[in-house]
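Me: I'd like a close look at one part of this model, the place where a pair of helices cross and what surrounds them. Could you walk me through it in one go?

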Amino acid sequence: MIVSQFLVLAAALFSLGIYGLLVRRNIVLILLSVELMLNAVNINLVAFESMIVTSDAIGQVFAIFVITVAAAEVGIGLAIVLMIFRNRRSANVDDLDLMRY
Amino acid sequence: MSIADWISEPVNWVFLAIGLAVLFAGFRVVTAKNVVHAALFLVGALAGTAGLFLLLSAEFVAWVLVLVYIGAVVVLFLFGIMITRAPTGLDEGLDADRKAWPALLSLAVFVAMAWSSIDAFGDNGVLATGSATSTELIGESLLGRFVIPFEVVSFVLLAALIGGITIARRDLTPAEEEEREAV
């Protein structure tokens, strides 16, 4: 296996995530696309770790941190989505065009 | 390394199978018409990624991915979807109308990243699949060289927990507050 195959796969996943981030109008689907991008980053990190075998498994530790921070971000993001849905009765980003009400 | 050499290794067939499944699942995440289907396709993409990590001898990270991402984050997403869906159950207006420019942009990003990756790293090989990364190594690293980021990430999780509860808390109306006081 060469490292480029993993890098190209991760690049494809990342660009799919960018497409989803730009096209989707539902907030939860936008968050899903962000998760897809973070997943692509993880593939990159672990692939590099497997290429340069460090003595501390640096790439894998970094990937674990990315997973953890992504989980925290999803928690906060969905709490915000909940509040928005409570106040505006809509989870569509096109409806969030005012800073107030 | 030529394409013929690359195809002749069985490990690369497994990689192709898993990789195409991950790409298909990722494509369906961003194009599904049903929100729940999009979340479930993300489960497929994450499971495929865990398989890729196993190919890369990263067993612990693969298991963390399955436990934390699929087991907790996607469940959280499904709860969020359940709470924020329109009562009629129909999913309308999920996509923007003009999709050409985002598609062009994402294609440009893919070409730029893929070309620069191949140009920079070319034929560098990866560890053979047989060798496993011991969990002991990751544990020693997390509590040795990376103990400060480890503790900081615990603070981040605590802050996210408290912040999430505070944000999503329902403020009591004055009538309800008086009721609470009376009791």
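Reply: Let's start with the crossing itself: helix 1 of chain A and helix 2 of chain A cross in a left-handed way. Bear in mind that this is a predicted model. The two helices pack at an angle of about 165°, with their axes 8 Å apart. That angle is over 145 degrees, so helix 1 of chain A runs roughly antiparallel to helix 2 of chain A.

Now for who touches whom. On the helix 1 side of chain A, the residues in the contact include Phe6(A), Leu9(A), Leu13(A), Phe14(A) and Gly17(A). Across from them, helix 2 of chain A brings in, among others, Ile30(A), Met37(A), Ala40(A), Ile43(A) and Ala47(A). By class, this contact of helix 1 with helix 2 of chain A has 19 nonpolar residues, five polar ones and no charged ones.

Helix 1 of chain A also has a partner in the other chain. With helix 2 of chain B, helix 1 of chain A packs at an angle of about 10°, and the axes are 9 Å apart. Since angles under 35 degrees count as roughly parallel, helix 1 of chain A is roughly parallel to helix 2 of chain B. From chain A, this contact takes in Gln5(A), Leu9(A), Ala12(A), Leu13(A), Leu16(A), Tyr19(A), Gly20(A) and Val23(A). From helix 2 of chain B, residues including Phe15(B), Gly19(B), Val22(B), Phe27(B) and Val29(B) take part. The tally by class is 12 nonpolar, four polar and no charged residues.

Leu9(A) is buried, because 26 other C-beta atoms lie within 10 Å and the cut-off for buried is 20 or more. Setting aside neighbours within four places in sequence, Leu9(A) is in contact with Ile43(A), Gly19(B) and Val22(B).

Stepping back to the two chains, 60 residues of chain A are in contact with 76 residues of chain B. On chain A's side, the elements that give two or more residues are helix 1 (3-23), helix 2 (27-51) and helix 3 (58-88). Helix 3 of chain A gives the most, with 20 residues. The chain A side as a whole divides into 43 nonpolar, 13 polar and four charged residues.

Then there's the core. The largest nonpolar core has 72 residues, and those with the most contacts inside it are Val28(A), Leu32(A), Ala47(A), Val29(B), Leu42(B) and Val61(B). Helices 1, 2 and 3 of chain A, along with helix 2 (10-31), helix 3 (35-55) and helix 4 (59-84) of chain B, each supply at least two of its residues. Helix 2 of chain A gives the most to this core, with 15 residues. Take Leu42(B): leaving out neighbours within four places in sequence, Leu42(B) is in contact with Leu32(A), Glu35(A), Leu36(A), Val29(B) and Val74(B).

For contrast, look at Met82(B), in helix 4 of chain B. Met82(B) counts as exposed because it has 10 C-beta neighbours inside 10 Å, and the limit for exposed is 12 or fewer. The C-alpha atoms of Met82(B) and Asp119(B), 37 residues apart along the chain, are separated by 45 Å.

How values were computed. Residues numbered from 1 in each chain as written. Chains lettered and ligands numbered in written order. Predicted model: local features only at pLDDT ≥ 70, side-chain atom pairs only at ≥ 80, totals over all residues. Contact = placed C-beta atoms within 7 Å. Helix = DSSP H or I, 4+ residues; strand = E, 2+ residues; numbered from the N terminus. Nonpolar A, V, L, I, M, F, W, Y, C, P; charged D, E, K, R; others polar. Core = buried A, V, L, I, M, F, W, Y, C linked by C-beta atoms within 7 Å. Axes fitted to C-alpha atoms, helices over the stretch in contact; angles between N-to-C directions. Parallel < 35°, antiparallel > 145°, perpendicular 65-115°, else oblique. Left-handed = near helix turned anticlockwise from the far one by under 90°.
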